[in-house]
Amino acid sequence: MELKEILEHHVVDHIWSWVVLGPLHLPISKHLLMMVIAGLILLVGFPLLIRSRSAALAPFRAMIEIVVLFLRDDIVLPNLGIKGAAYVGYFATLFFFILIMNLIGLVPYGATATGNLAVTAGLAITSFLLINFSGIKEQGLIGYFSHLVPKGVPGWLYPLMFPIELMGLVIKTFALAIRLFANMIAGHIVILVFISFIFIFGSFGAAVGLGVAPISVGLVLFTLLLELLVAFLQAYVFVTLTAIFTGAAMHPH
Amino acid sequence: MEALIRPEFGLMFWTITCFVLLALVLSKTAWKPLLQAVEERERAIKHDRDSAEASRVAADKVRAELDVRMNSFRKEVQSRMDEARAAAEKEKDILIEEARKSAGIIVESARKEIEAQKNEAARDLRSKVAELSVMAAERIMMKHLDHRANTDLASKYLAELEKERPELKLGN
């Protein structure tokens, strides 16, 4: 078995069947299942948790509350200003959706939906829409596009700067998608490589493989912990960058 | 390996659909009650803080008032004590003065008494001395008395007197 096959088995999506809805060919896949699980946790678990009054669940309630308040007070409101209060729900959903999808990838039998470029691209497209929607809503269509080029740029540079800024809008969101995707998949690939070491060395002799195994397992555990950190970090980064771009679109100065 | 980086557009559609629906539903069902609860608590905390601030201000005022009153009390006590001390001083002076005066009187009367006693004693002494000297003189006179010489002397004096004052001449 080659590494390619192992990688494709563990990291790449498995499409089980297709649904045809008019012109749309929609896959039913492992990553979709993981996304649906994450969605159900958010859709069912969170409202119940937030509305419950039981003391046993209070710590979890407090955790959600701390995260939401952090998002509101340290990410959304500083970047978006007073009007950002209306967007807190969006950013909280974005954060927890990405976070839970990231974390499901660390659970046995789970798969990392955010390690799929289609998923991260979908999230980035929603961010792109949000950025432009909020900018146009705040400044008007003409105001938004006329403020796309930063102030103080000499007039003759406008023909050059305007396309660059338009491209920049797309590139920013593209970078969002690639960043999340690459970060989530990198840890998995590293873990697979460490596990593969055992068998690579094992091919020299069983004793060598057994000797390498503890080192490999230790490194895998370390990488898993790193991935746990990255799961939170990348959810935070995605949300923060989306908030910064949205804020920049709303307040060009 | 290009399966790894080939985006599946159907999955992208699913992602966008899921996420938009989640954002719409969760805004109503999860974040709204959460943020409402938080805001309620923040308001309660703000209210508590405000009332605590108000009571602190009130306590400060009361303390300042007490301080002022304390100071006035202290000043009054001080002034009363000063007054009392001054009165006591005056009283003491008066007493000393009186004592001195009465002592002077006593001394004066004692001196007078002594003077009187002395005078009396002197008078006594003088009368006794006079008596003694008279008695002594009498003794001496009695010793030196000579009847004839005296008679002659008396006759002679009488004659002289008769000569000077003839109207007093006895007979003849």
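Which residue takes a positive phi just after H3(A)? The views below come from a predicted model, and the second of them holds the reply.

**View 1. Chain A as a whole.** Chain A contains eight helices and two strands. Read from the N terminus, the order of elements is α-β-β-α-α-α-α-α-α-α. Along the principal axes, the C-alpha atoms occupy a box of roughly 70 × 55 × 45 Å. Buried residues make up 33% of the 253 in chain A. Among contacts in chain A with a separation of 6 or more, 65% join residues 24 or more positions apart.

**View 2. Helix H3 of chain A and the residue that follows.** A:Gly81 is the residue in question: just after H3(A), this glycine has a positive phi of about 80 degrees. The helix itself bends by about 35 degrees at A:Arg72. A:Arg72 is also one of the buried residues of H3(A).

**View 3. The largest nonpolar core.** This core numbers 63 residues. A:Phe91, A:Phe95 and A:Phe97 have the most contacts inside it. From chain A, helices H2 (30–51), H3 (58–80), H4 (88–104), H5 (117–139), H7 (158–202) and H8 (206–250) each supply at least two residues, as does helix H1 (9–144) of chain B. H4(A) gives the most, 13 residues.

**View 4. Close-up on A:Phe95.** A:Phe95 is among the residues with the most contacts inside the largest nonpolar core. Leaving aside residues up to four places away in sequence, A:Phe95 touches A:Val67, A:Leu71, A:Ala235 and A:Val239.

**View 5. The contact between chains A and B.** Chain A puts 39 residues into the contact and chain B puts in 29. On the side of chain A, the elements giving two or more residues are helix H1 (3–10), strand S2 (24–29), H2, H3, H4 and H5. H2(A) provides the largest share, ten residues. By type, the residues on this side are 25 nonpolar, nine polar and five charged. The model has an ipTM of 0.86 and a pTM of 0.71.

**View 6. The helix H1 of chain B.** How far apart are the end C-alpha atoms of H1(B)? They lie 189 Å apart. At 1.5 Å a residue, the 136 residues of this helix should span 202 Å, so the two values agree. H1(B) also has a kink of about 55 degrees, centred on B:Leu26. Chain B averages a pLDDT of 89, and 97% of its residues score at least 70.

**View 7. The loop at A:Gly205.** Is A:Gly205 buried or exposed? A:Gly205 sits in the loop between H7 and H8 of chain A. This residue counts as exposed because 10 C-beta neighbours lie inside 10 Å, and the cut-off for exposed is 12 or fewer. A:Gly205 and A:Ser134 are separated by 71 residues in sequence. Their C-alpha atoms are 62 Å apart in space.

Note on methods:
Residues numbered from 1 in each chain as written. Chains lettered and ligands numbered in written order. Predicted model: local features only at pLDDT ≥ 70, side-chain atom pairs only at ≥ 80, totals over all residues. Core = buried A, V, L, I, M, F, W, Y, C linked by C-beta atoms within 7 Å. Buried ≥ 20, exposed ≤ 12 C-beta atoms within 10 Å, placed from the backbone. Helix = DSSP H or I, 4+ residues; strand = E, 2+ residues; numbered from the N terminus. Contact = placed C-beta atoms within 7 Å. Expected span 1.5 Å × (residues − 1). Bend = angle between axes of the 7 residues up to and from the residue. Nonpolar A, V, L, I, M, F, W, Y, C, P; charged D, E, K, R; others polar. pLDDT = per-residue confidence, 0-100.
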